[in-house]
Amino acid sequence: MAATAIFRVSENNWNGPRIPDKGFIAFEATVEQLPVPEGSQAKPHFALKSGSALLSEITARSATAYFASKPLVGKRLKILVSRYYTSLTIEAYEI
């Protein structure tokens, strides 16, 4: 089965449990678009959530993750999170 999206987030932007040095952790997750404050020129942020827990907030500064997240908004996903040097690789599979 091919991943719907693959992207990386920095460990500093990860709010989930610690990811082991080898292997991966699997989560059911959703991507939500967060509202932009009124009058702001900023692009909307995306929240990667497992249930009500925020795993990561993705901003436009993380261009690859940002553009990979946008088409995932509102979809139920199975994500596999693994360590890649100083970042985390997220593979998203649509459920």
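How many aromatic pairs does the count come to? The count comes to 4 aromatic pairs, where rings of Phe, Tyr and Trp (its six-membered ring) pair if their centres lie within 6.5 Å; planes under 30 degrees apart count as stacked, over 60 as edge-to-face and the rest as tilted.

One of them joins Phe46 and Tyr66, a tilted pair with 4.9 Å centre to centre and 50 degrees between the planes. It links distant parts of the chain, with Phe46 in strand β3 and Tyr66 in helix α1, 20 residues apart. Helices (H or I, at least four residues) and strands (E, at least two) are DSSP runs, numbered from the N terminus. Phe46 and Tyr66 also belong to one aromatic cluster with Phe67.

A word on the model: it is predicted, so local features need pLDDT of at least 70, and side-chain atom pairs count only at pLDDT 80 or more, while totals for chains, interfaces and linings use all residues. Residues are numbered from 1 along each chain as its sequence is written, and side-chain values use heavy atoms, leaving out hydrogens and water.

Now for the strands. An open sheet of 6 strands runs in the order β1-β6-β5-β2-β3-β4 with antiparallel pairing; two strands pair if DSSP finds at least two bridges between them. At the edges, β1 and β4 each pair on one side only. Further in, β2 and β3 are antiparallel over 4 bridges, and Val31 stands opposite Leu48 in β3.

| β1 | 5-10 |
| β2 | 24-33 |
| β3 | 46-50 |
| β4 | 53-58 |
| β5 | 76-84 |
| β6 | 87-94 |
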